[in-house]
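Trainee: Before we look at anything, could you take me through how such features should be read, one at a time?

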Amino acid sequence: MSTRPGISAVVQTYNAEQHLDRCLEALKCFDEILVVDMESTDATAEIAARHGARFIVKERGEHRIVEAYRDFAIHAATYDWVLVVDADEIVPPALAEYLYSAIEADATPRAFFIPRKNYFMGRWLRSSYPDYILRFFNRVGAHWPYEIHSRVEHQGPDVKIPEKRTDLAFIHLANEDLHSRIAKINTYTDREKIRRRNKFKPLQFLYNPAFLFFKRYVLKGGFRDGMPGFIYAVNDAFYRYLTLAKIEEELQADKPDKDIDRDIRNIADKR
């Protein structure tokens with residue numbers, strides 16, 4: 001009789017039909033596939049049913065980020081060991097074998113940083129690798145904060161899978177056109193500004209976006225990824241610039257409109 005610990009693969013979805021079929025097909029080696037859906041209107045539910053996934057619908061409401069339901073999702077799973085997967089990611093067979101072997105050898109609660117290969121404009125961006133994500137962990141005592149780009153808070157140590165093991169990396173299929181990507185940037189920076197507001201300084205405009213571009217394109221070797229690497233680096237810098245600009249916009253809105261009031265008074269005086 002096998003004593004292998006069980007693993008639940010948890011996927012959160014919203015109109016995720018584009019890549020979901022390939023995502024769920026790669027998860028059939030796990031003991032459970034749980035899909036927590038935020039009221040999709042496309043074929044997401046049908047695809048999940050076809051792959052035998054347990055399907056739970058959560059009201060989306062005003063929430064526009066997946067982190068809003070991550071804590072619910074991980075605790076709705078059947079097994080304590082949870083692998084969190086986005087609907088546009090594929091888990092390679094070697095990673096599944098690695099994770100099962102790791103927890104069978106040592107059942108101590110801990111969490112694993114997994115490398116991820118990001119694809120953009122049809123190309124694997126080596127400049128964005130290893131892009132570590134904390135996605136496999138024991139959920140006992142764990143909590144996922146409701147905050148953009150947050151990661152699980154858990155018991156036990158962190159384990160980092162070596163980046164040289166590219167065969168264990170998540171494959172991130174998201175290959176959005178620029179229109180979709182910019183729309184997502186606009187949504188994410190609405191939340192990001194809340195997280196960064198307390199640390200905001202106007203001088204960050206001068207160096208923060210520029211350094212991110214330099215880091216991505218030069219230090220991380222984005223120039224080797226051709227034009228997709230250049231555009232990706234610009235997007236990174238723009239993301240940070242837009243976050244800072246939205247914070248500054250809010251701060252300015254808190255101040256009295258002295259110039260407007262003065263001009264209105266001048267107009268009234270001339271009548």
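**Reading the features**

Mentor: Let us begin with Thr-44, which has its place in helix α2, residues 44-50, where helices are DSSP runs of H or I with at least four residues and strands are E runs of at least two, numbered from the N terminus. The model is predicted, so local features need pLDDT of at least 70 and side-chain atom pairs count only at pLDDT 80 or more, while totals for chains, interfaces and linings use all residues. Residues are numbered from 1 along each chain as its sequence is written, and side-chain values use heavy atoms, with hydrogens and water left out.

Trainee: Is Thr-44 buried or exposed, and which residues does Thr-44 touch?

Mentor: Buried means under 20% relative accessible area, exposed means over 50%, and partly exposed lies in between, with a 1.4 Å probe and protein chains only. Thr-44 has a relative accessible area of 0% and is therefore buried. Contact means heavy atoms within 4.5 Å; leaving aside residues up to four places away in sequence, Thr-44 touches Thr-13, Asn-15, Ala-16, Glu-17, Leu-20, Asp-37 and Phe-55.

Trainee: How many disulfides does a search of the whole structure find?

Mentor: A disulfide is a pair of cysteine sulfur atoms within 2.5 Å, and the search of the whole structure finds 0. Cys-23 is in no disulfide, the nearest cysteine sulfur being that of Cys-29, 11 Å away. Cys-23 is buried at a relative accessible area of 1%, whereas Cys-29, at 39% relative accessibility, counts as partly exposed.

Trainee: At what angle do the axes of helix α6 and helix α7 cross?

Mentor: Axes are lines fitted to C-alpha atoms, for helices over the stretch in contact, and angles run from 0 to 180 degrees between N-to-C directions. The axes of α6 (residues 204-219) and α7 (residues 226-253) come within 8 Å and cross at roughly 160 degrees. That angle makes α6 roughly antiparallel to α7, since angles over 145 degrees count as roughly antiparallel, under 35 as roughly parallel, 65 to 115 as roughly perpendicular and the rest as oblique. Among the residues that make the contact are Phe-205, Leu-212 and Arg-216 of α6, and Phe-230, Arg-240 and Leu-244 of α7.

Trainee: Where does Arg-151 lie?

Mentor: Arg-151 lies in the loop between β9 (133-138) and β10 (158-160). Not counting residues up to four places away in sequence, Arg-151 touches Phe-113, Leu-134, Trp-144 and Pro-145.
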